Amino acid sequence: MSADRVLAGDLATAAGELLMDIRATSGLSGKELGKAGDLRSNELLLARLAAERPDDAVLSEESADDKSRLTAPRVWIVDPVDGTREYGTGGHTDWAVHVALWSATDGLIAGAVALPALGVTYLDDPDPVAPTEGLAATPAGDRPRVVVSASRPPAFSQAVADAIGGEVLQMGSAGAKAMAVVRGEAAAYVHAGGQYEWDSAAPVAVAQGKGLWCGRTNGSDLVYNRDDTYLPDLVICRPELRDAVIAVTSTHE
Ligand SMILES: Nc1ncnc2c1ncn2[C@@H]1O[C@H](COP(=O)(O)O)[C@@H](OP(=O)(O)O)[C@H]1O
Ligand SMILES: [Mg+2]
C-alpha cells in the first residue's frame, strides 16, 4: 500500500480519536464544541503533515488559503470536521474527518475518511467493504436509498429517488453520506447548491477506489485544487445507476 495512503488513514484516524476525546471531556456542546473540534483537529493535521510531508502544500477548510498550492505538485486537501453541526450534537454518528492527497499529474491519488463515532476509517484502496449498518437505521424495505443533506437537501432529491425506485434519506456530513454508499447503506449521494473542495475530495477518492461513480450533477468530472475552491454539486453512486441519476440531476441546473 502506498505510504501516502497509509499516512492519510493514520491522520484521519488520529484526528478522529482526538475529536472523540474532546467531545467526551471538554464539557462543550453545540457550536462551541464544533469550533473547538475544528480548531484542534486542524492543528493536529497541519502539524503531522508539516512533520511528515514538509514539501507538500495543504488546503484546509480551517486555514487561510495559501495560493502557493496552485503551482505545487502535491496538495493535501483536508476537512478537520465534516458535519460540524452533527459533531456538536450528541448521539450522532454522521460526521467525519477527511484527508486527501491531490497530485498535479494524476488528480486525487490518496484519500481517507474517518467515521470516528463508529471507530472506522476508509481508504481509497480497492478492498471490498462488507455491507454494514450504523449510519442509517435499518431500512423498512429494500428500496435503494438516496442520501442527501439534512440541512440543505437539494430540490431534485425526490425526483432522483423516484428515478431509481428508491427513497430519500437525510444525513449529515458529505463524508458520512459518501461512506453510506461505500458501506451499502445507500445507493447514491446527491448534492447541489453549495460545497467546497474539502467537503468532497477525500470522500470521492475513497468512493472511486471502491468502484463507485463520482462526478458533477451535469455528468462532468470533479476537478480539484482550483483557484476558487467552491465545488457546489456532487453525485456518488453505484455505477449502474449513473445514467438514471444524471438524467434527473443534469436537468435541474
Ligand atoms: N449550500 C452549501 N453551501 C456551502 N457549504 C455547504 C452547503 N451545503 C453543504 N455544505 C457543506 O458540506 C458539508 C456537508 O453538509 P451536509 O451535512 O449539509 O450534507 C458541510 O461541511 P462542514 O460540516 O465541514 O462545514 C457543509 O458545510
Ligand atoms: Mg465539510
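Mentor: Start with a term. A residue is buried if 20 or more other C-beta atoms lie within 10 Å of its own, exposed if 12 or fewer, and partly exposed in between; the C-beta atoms are placed from the backbone. This is a predicted model, where local features need pLDDT of at least 70, side-chain atom pairs count only at pLDDT 80 or more, and totals for chains, interfaces and linings use all residues. Residues are numbered from 1 along each chain as its sequence is written, while chains are lettered from A and ligands numbered from 1 in the order in which they are written.

Now the site. An unreviewed UniProt entry lists Glu61, Asp79, Asp82 and Asp199 under "binding site". These residues spread over 139 residues of sequence, yet they cluster in space, with a largest C-alpha distance of 9.4 Å. UniProt positions follow the numbering used here, feature names are shortened, and annotations may be inferred rather than shown by experiment.

Take Asp82. Asp82 is buried, because 28 other C-beta atoms lie within 10 Å. Asp82 lies in strand E2. Helices (H or I, at least four residues) and strands (E, at least two) are DSSP runs, numbered from the N terminus. Leaving aside neighbours within four places in sequence, Asp82 is in contact with Trp95, Ala96, His98, Ser173, Ala174, Gly175 and Asp199. Contact means that the two C-beta atoms, placed from the backbone, lie within 7 Å.

Asp79 also belongs to strand E2, which covers residues 74-82. Asp79 is buried, because 34 other C-beta atoms lie within 10 Å. Not counting residues up to four places away in sequence, Asp79 touches Glu61, His98, Trp198 and Asp199.

Follow Asp82 to Ala174 and Gly175. Both are among the buried residues of helix H5. H5 spans residues 174-182 and is mostly covered, with nine of its nine residues buried. Just after H5, Gly184 takes a positive phi of about 80°.

Next, the ligand. Ligand 1 is surrounded by 16 residues, and Thr84, Ser149, Gly172, Gly194 and Asp199 are the closest. A residue counts as near a molecule if its C-beta atom, placed from the backbone, lies within 6 Å of it. This shell holds two nonpolar, nine polar and five charged residues. Ala, Val, Leu, Ile, Met, Phe, Trp, Tyr, Cys and Pro count as nonpolar, Asp, Glu, Lys and Arg as charged, and the others, Gly among them, as polar. Domain 1 (3-123) and domain 2 (145-249) each give at least three residues to the shell. Those bounds come from an automatic or database domain assignment.
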